[in-house]
Amino acid sequence: MLLSCSSLSVTYGRRKALNAFDLSLRKGEIRALVGPNGSGKSTALQTLAGLIKPAEGMVEIDCRPIGSMSRRQLARHLAFLPQQPSAPDEMTVEQLVRQGRFAHVGLFRNYGIEDEEAIRWALESTGLAGFDNRSLSELSGGERQRAWISAALAQEAQILLLDEPTSFLDIGYQIEILDLVYRLSREKGVTVVMSIHDLNQAMSISDHISLLERGELIFDGEPKQLADSGLIEKVFRVKGNFVQIAPNAPPHFDVELARRTALTA
Ligand SMILES: Nc1ncnc2c1ncn2[C@@H]1O[C@H](COP(=O)(O)OP(=O)(O)OP(=O)(O)O)[C@@H](O)[C@H]1O
Ligand SMILES: [Mg+2]
């Protein structure tokens, strides 16, 4: 397995945010992490990224514990996009994306042609060509999110951990970014773990889905199995149905709109 963890538990003070979390991903696999607010998705991703030390369990890349790697070594394997990343307001888009290359350029920051190409590609892939010199404070929420995605892409790591990468994006960019993630996995064998609230997008992009509820992993399997499990209605407290939109299409969760109808009546 390329990326795995077993029995991962994380506590904040006395509160357990993640309990006995297991995950194993093959190269090129896309895994969606879904679950209600506060269920532990960001905690799981931060722990996989080596930013939180688990109380129990460990994370391994190619059977090697990430605890034994330096930050630079880890960054060559794995890029992480946090849910709420922060950087100085005056930093420009180009500076931010350039920073994504730190693991490649060495201590003396010698940027070579490959580094410059990776930076260009990352900016263009997220529709930010021409934004190079804009400071982060001068960007819209969605543009800023794309700048951060760009910084993660520039790292050219074999594992991408994305915490709600499309939450601020309009529907056009949501699809564009998801499409890019899909192509990276299928064409370059990039392995992806991504938290996402849109269940239909999760169903359509992922090979496997992990469903968390109050820090517990309550489902781990294929999108189709999740659709058949009846767990979505229970965990998210909504009424709805899974429907098959087209032959071979992933199951689509159709929320019953009774409440909205009542509001507009
Ligand atoms: N730094 C922290 N200190 C204390 N408790 C925390 C901290 N970060 C998260 N928590 C708690 O841990 C639990 C899991 O939080 P986490 O951010 O992992 O959830 P999430 O599934 O990513 O939620 P969301 O969908 O809202 O992003 C929640 O109960 C949250 O209140
Ligand atoms: Mg979160």
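Predicted model: local features only at pLDDT ≥ 70, side-chain atom pairs only at ≥ 80, totals over all residues.
Student: Which residue of β8 is the bridge partner of aspartate 163?

Tutor: First find the strands next to β7. Strand β6 (residues 78–81) pairs with β7 in the parallel sense over 4 bridges, and there phenylalanine 80 stands opposite leucine 161. β7 also pairs in the parallel sense with strand β8, residues 191–195, over 5 bridges. In β8, the partner of aspartate 163 is serine 195.

Student: Which hand does the β-α-β crossover from β7 to β8 have?

Tutor: Start from the pairing, where β7 and β8 are parallel over 5 bridges. To get from β7 to β8, the chain goes through helix α7, residues 171–188. Follow that path and the crossover comes out right-handed.

Student: There's a loop between β7 and α7, and threonine 166 lies in it. Is threonine 166 buried or exposed?

Tutor: Check its surroundings before the number. Leaving aside neighbours within four places in sequence, threonine 166 is in contact with Gln145, Gln174, Ile177, Leu178, Ile196 and Gln201. Its relative accessible area is 7%. The cut-off for buried is under 20%, so threonine 166, at 7%, is buried.

Student: Now strand β3, residues 30–34. Which residue of β9 does leucine 33 stand opposite?

Tutor: β3 has 5 of its 5 residues buried, so it's largely enclosed by the rest of the structure. It pairs in the parallel sense with β8 over 4 bridges, and arginine 31 stands opposite valine 193 there. β3 also pairs with β9, again in the parallel sense, over 4 bridges. In β9, the residue opposite leucine 33 is serine 210.

Student: How far apart in space are leucine 211 and isoleucine 232, C-alpha to C-alpha?

Tutor: Leucine 211 lies in strand β9, residues 208–213, and counts as buried at 0% relative accessibility. Beyond its neighbours within four places in sequence, its contacts include Val34, Gly35, Leu231 and Val235. Leucine 211 and isoleucine 232 are 21 residues apart in sequence, and their C-alpha to C-alpha distance is 8.9 Å.

Student: On to helices α5 and α6. How many charged residues are in the contact of α5 with α6?

Tutor: Helix α5 (residues 113–125) and helix α6 (residues 141–154) pack at an angle of about 145°, with axes 8 Å apart, in a right-handed crossing. The contact uses Ala118, Trp121, Ala122, Leu123 and Ser125 from α5, plus Ser150, Leu153 and Ala154 from α6. Sorted by class, that contact has 6 nonpolar and 2 polar residues, and the charged count is none: "no charged residues".

Student: What is the relative accessible area of arginine 101?

Tutor: Arginine 101 is found in the loop between α3 and α4. Setting aside neighbours within four places in sequence, it's in contact with residues including Tyr111, Glu114, Asp115 and Glu156. Arginine 101 is buried, and its relative accessible area is 2%.

Student: Is aspartate 62 buried or exposed?

Tutor: Here's some background: most residues other than glycine have a negative phi. Aspartate 62 has a positive phi of about 50° although it is not a glycine, and its place is in the loop between β4 and β5. Exposed means over 50% relative accessible area, so with 53%, aspartate 62 is exposed.

Key:
Residues numbered from 1 in each chain as written. Chains lettered and ligands numbered in written order. Heavy atoms only, no water. Pairing = 2+ DSSP bridges. Helix = DSSP H or I, 4+ residues; strand = E, 2+ residues; numbered from the N terminus. Right-handed = clockwise from strand over helix to strand, strands pointing away. Axes fitted to C-alpha atoms, helices over the stretch in contact; angles between N-to-C directions. Left-handed = near helix turned anticlockwise from the far one by under 90°. Contact = heavy atoms within 4.5 Å. Nonpolar A, V, L, I, M, F, W, Y, C, P; charged D, E, K, R; others polar. Buried < 20%, exposed > 50% of the residue type's maximum accessible area, 1.4 Å probe, protein only.
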